[in-house]
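Hi everyone, thanks for coming. Let me put the structure up on the screen, and then we can walk through a few spots together.

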Amino acid sequence: MYFQKINNTDGNTSLILIFLGWGMDSTPFLHLKKAGSDIVLAWGIPDADTPRIYADLLSRYKTTAVIAWSYGVVSADSLISDRESLRIAVNGTVTPVDNLTGIPKHVFAITLRSISAENMRRFYSSAAGRSPLRGYFMSHLPERDVQSLKDDLAAYATLRSNSPNKMWDKVFIAANDAIIPPVNQEKAWEGFMIKRTDDAHLPDFQRIIDTEIPDKTLIAKSFSRSKGSYEGSAYVQKKIAETLYSYWTRFQDVNNKDILEIGAGTGLMTKTYTDRVNLSRLTLVDIAPYEDIEATIRDIEGGDKIKVVSADAEEYLSAVEDNTFDTVISSSTIQWFESPRRFFFNLNRVLRTGGVAAISTFVSGNYAEIADVAGRTLDYYTLSQYTAMLPETLKTELTVEDSDVCTFENGKLLLKHIKDTGVNALNSTPLSYSQMTELIKRLDMSPRLTYKYIYLIIRKL
């Protein structure tokens, strides 16, 4: 397998590693970029050295996001674990040649028999379909010799997995995929977080990079800017925190426990329990600057037992030693995480046997009005998707779904409410002035906002 770094910036601590499909090399994708990240492209058949090279790459970076496309999905499937920050499969399966979950065998056989320079151009044209990227792709085709293409495709005939690695976070399936039947992909990824698009087999990698890999620095800045307005506007979040406390205390004697709170923020959740609990040790983690988090504990009794950590909670948790905490609490936070699967994996590690996690988070249907009007919002999971991520040794003691509908005088006040409570729900690409004006105009017709959220009480067996 070949690995090629396509940018030359020094000092980046994040890596985006893209596994390309059959027939590819780096030529059509040299334009990809992400501020603060190195990008490495991988293609070809994994060999004996591939696991070592992969592990070495991950060891050089603080975070690694893996995007695997087409036949690159099966190449990446055996390599990914809990170490990556995010794992996305795009228009591919772990069974490359399969009548039900891959390319049908007779189609594969015909393709293998008929590989030629002329037929490869037809293949590339079919992969590009009617994609807006078609012109660029067809004028920057991979520079592969026919024999290497034959060798690779023949190898894919035996490269497969019995089922997808459970660590995949998201799966993209294109409705206009002319290479791997979308219906086969749907069957292959049952139970996973699926994002359906109208794309061709060729994905828009730049769009995926921009929208699916969040800039945690910008998130931290956004939350810091809203700290003065948060508690005055976050009345739903305050209700959720109080309710989460009541559920938590039903399933655990909360006194004298080693507690980790993830997403402490302005202390909305912290203040619901610190004056009711005899603290043994409390660790507060948030992506906000240290001074912002520290300010939340200045008036809390027992502050000498509280440790404040300013960090990306996902990365912090991955570095915590096993069996460290009796309790993990997180209110209205994990919807921002790149990889909830990784979070639950590490939650299972850091909890002591018998320990409890009390979690609330927003789910699919949250901010539905924004999605309907603007056509985009955050990716929210469902309750069943969250529970399906839990390792076998994490038992759900309680699951509750709830919702609230907030009304506003007009669309502008609705959007101000979203801004005042933190990062907005319109993903990473900001709206233009004309788009924002049109959005407010449309929201004026029904200025209401739906919150949909769940509570999870989980016990480590």
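When I say helix, I mean a DSSP run of at least four residues, and the helices are numbered from the N terminus. Please keep in mind that this is a predicted model.

With that, let's start at Asn184, which sits in helix H7, residues 182–188. Is Asn184 buried or exposed? Its relative accessible area is 8%, and the cut-off for buried is under 20%, so Asn184 is buried. Its side chain reaches the backbone oxygen of Asn99 at 3.2 Å. Setting aside neighbours within four places in sequence, Asn184 also has contacts with Asp98, Leu100, Thr101, Gly102 and Pro104, among others.

Next stop, Val40. You'll find Val40 in strand E3, which covers residues 37–43. With a relative accessibility of 3%, Val40 counts as buried too. Which residues does Val40 touch, leaving aside those within four places in sequence? They are Phe3, Gln4, Lys5, Leu15, Ile16, Leu17, Ile18 and Leu57. As for Phe19, it is 21 residues away from Val40 along the chain, and their C-alpha atoms are separated by 8.7 Å.

Last, a pair of helices. H18 spans residues 411–420 and H19 spans residues 433–443. They pack at an angle of about 110°, with axes 7 Å apart, so H18 and H19 are roughly perpendicular to each other. On the H18 side we have Gly411, Lys412, Leu414 and Leu415, meeting Met436, Leu439, Ile440 and Leu443 of H19. Sorted by class, that contact has six nonpolar residues, one polar and one charged.

Key: Residues are numbered from 1 along each chain as its sequence is written. This is a predicted model: local features need pLDDT of at least 70, side-chain atom pairs count only at pLDDT 80 or more; totals for chains, interfaces and linings use all residues. Side-chain values use heavy atoms; hydrogens and water are left out. Axes are lines fitted to C-alpha atoms, for helices over the stretch in contact, and angles run from 0 to 180 degrees between N-to-C directions. Helices (H or I, at least four residues) and strands (E, at least two) are DSSP runs, numbered from the N terminus. Angles under 35 degrees count as roughly parallel, over 145 as roughly antiparallel, 65 to 115 as roughly perpendicular and the rest as oblique. Contact means heavy atoms within 4.5 Å. Ala, Val, Leu, Ile, Met, Phe, Trp, Tyr, Cys and Pro count as nonpolar, Asp, Glu, Lys and Arg as charged, and the others, Gly among them, as polar. Buried means under 20% relative accessible area, exposed over 50%, partly exposed in between (1.4 Å probe, protein chains only). A polar contact is a pair of N or O atoms within 3.5 Å; within protein, one must be able to donate a hydrogen and the other to accept it, and residues adjacent in sequence count only if both atoms are side-chain atoms.
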